[in-house]
Amino acid sequence: MTPQKPAPTGARAEPPAGAARPARADARRNRDKLIDAARAAFAASDDTVALEAIARAAGVGIGTLYRNFPTREALVEAVYAAELDDVTTSAPALLDAFPPEVALRAWLDRYAAFVVTKRGMLDTLRAGWASGRIATSTTRERITGALDTLLKAGARTGALRADVAPEDATLMLLGVFLATANDATPDQTARLLDLLTDALSARKGRGTV
């Protein structure tokens, strides 16, 4: 068998036959615009949002939407993943910008925005999880991880309680949104999140170690 000659020095290697080429910049931009438009649409409506309306809002044709997301489930999964990434990775950035107790309260507002968007996708998500068409969610574990980051930072400064398990804080947070799922106003949700922040506070030595 004749050995292959090495590629000339400085020559750009060709991708293997059949390998996928990197997405073009405009294709990536279209995909991002579709996700952003879908986020806004799902946040604004509890009802099923027409895919044609999302394509129009993104400034692309319906064919472009289907090339990126062949099914409604694919679009919902992408939006949900992007939202979950944003909320769970925002804790360190907030801690860089604010004291831990302020960062915690700001993060709770970010989580509230995530919940609003998720409500517009909930029926599709549930059906997709049940059928296996959408990967099983790791939302609770990732939310707990973000809260753990915030609580540990607050415990180090003495601003937040050091005796609260992050899993318990997650259950308290989920309880707020389960209890207000149908008829709460934004003002009431904000008051409940203030109470949750107060419960996690280490003021007057409460919960310090």
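Asp187 and Leu195 are exposed (over 50% relative accessible area, with a 1.4 Å probe and protein chains only) on one side of helix α9. On the other side lie the buried residues (under 20% relative accessible area): Thr189, Leu193, Leu196, Thr197 and Leu200. Seen down the axis of α9, these buried residues fall within an arc of 100°, so they line one face of the helix; the arc is that of the directions from the helix axis to the C-beta atoms. An α-helix has 3.6 residues a turn, so residues three or four places apart point the same way.

This is a predicted model, in which local features need pLDDT of at least 70, side-chain atom pairs count only at pLDDT 80 or more, and totals for chains, interfaces and linings use all residues. Residues are numbered from 1 along each chain as its sequence is written, and side-chain values use heavy atoms, with hydrogens and water left out.

Helix α9 itself covers residues 186-200; at 1.5 Å a residue its 15 residues should span 21 Å, and the end C-alpha atoms are 21 Å apart, which agrees.

The protein chain has 9 helices and 0 strands, as DSSP runs (H or I, at least four residues; E, at least two). Of its 209 residues, 35% are buried. Among contacts (heavy atoms within 4.5 Å) between residues at least 6 apart in sequence, 68% join residues at least 24 apart.

Terms used. Expected span 1.5 Å × (residues − 1).
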